[in-house]
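Thanks for coming. I will talk through one model, starting with a single side chain and then moving to a cavity and a ring pair.

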Amino acid sequence: QVQLVESGGTLVQAGGSLSLSCAASGSIFSINAMGWYRQVPGKQRELVAVITSGGSTDYADSVKGRFTISIDNANNTTYLQMNSLKPEDTAVYYCNADGRSSPWSVSRRYWGRGTQVTVSS
């Protein structure tokens, strides 16, 4: 089993910066990609950023130029640096990882429990 634990969520003022981290642990054979999603009450969870183990990245249009995702493959950890935060960035941020728990298992997506980010105006 693979566990993901996010940290770093807090209350921050608009225009400020915040860094989130997510560490994967447990039975990890390989991780192909890690990503961040966010969700506000009443809305669907949306992609924020994703990064492959090779370093390729993709971002939601709403965060391009403000957020940066990175990955530490040796420690199965991903980071999300968020700058120029806006009130509309307020959400619960979830980390995920696509990977395998053993050489003979199929790849699946694992999710963390989320961390709250609140941006005050």
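The side chain of Arg 100 has a polar atom 3.0 Å from the backbone oxygen of Pro 103. A polar contact here is a pair of N or O atoms within 3.5 Å; within protein, one must be able to donate a hydrogen and the other to accept it, and residues adjacent in sequence count only if both atoms are side-chain atoms.

Some ground rules. This is a predicted model: local features need pLDDT of at least 70, side-chain atom pairs count only at pLDDT 80 or more, and totals for chains, interfaces and linings use all residues. Residues are numbered from 1 along each chain as its sequence is written, and side-chain values use heavy atoms, with hydrogens and water left out.

Back to the arginine. Arg 100 lies in strand 9, residues 91-100; strands are DSSP runs of E, at least two residues, numbered from the N terminus. Arg 100 is partly exposed, at a relative accessible area of 26%. Buried means under 20%, exposed over 50%, and partly exposed in between, with a 1.4 Å probe and protein chains only.

What does Arg 100 contact, leaving aside its neighbours within four places in sequence? The residues are Ser 27, Ile 28, Phe 29, Ser 30, Ser 105, Val 106 and Ser 107, where contact means heavy atoms within 4.5 Å. Ile 28 is 72 residues from Arg 100 in sequence, yet their C-alpha atoms are 6.3 Å apart.

Next, the cavity. A cavity is a set of points on a 1 Å grid, over the protein atoms alone, where a 1.4 Å probe fits but cannot get out; lining residues have an atom within 4 Å of a point. The count is 1 cavity of 30 Å³ or more, and the largest cavity holds about 40 Å³. Its lining includes Ile 28, Ser 30 and Arg 100. Strand 9 supplies the largest share of that lining, 3 residues.

Last, the rings. The whole structure has 1 aromatic pair. Tyr 37 and Trp 111 form that pair, edge-to-face, 5.2 Å centre to centre with 70° between the planes. Rings of Phe, Tyr and Trp (its six-membered ring) pair if their centres lie within 6.5 Å; planes under 30 degrees apart are stacked, over 60 edge-to-face, and the rest tilted. Tyr 37 is in strand 4 and Trp 111 in strand 10, so the pair ties together parts 74 residues apart in sequence. Tyr 37 counts as buried at 17% relative accessibility, while Trp 111 is partly exposed at 35%.

Note on methods. Helices (H or I, at least four residues) and strands (E, at least two) are DSSP runs, numbered from the N terminus. On a 1 Å grid over the protein atoms alone, a cavity is a set of points where a 1.4 Å probe fits but cannot get out, and a pocket is an open set with protein on both sides within 12 Å along at least five of seven lines; lining residues have an atom within 4 Å of a point. Grid points are joined across faces, edges and corners, and a volume is the space filled by probe spheres set on the points.
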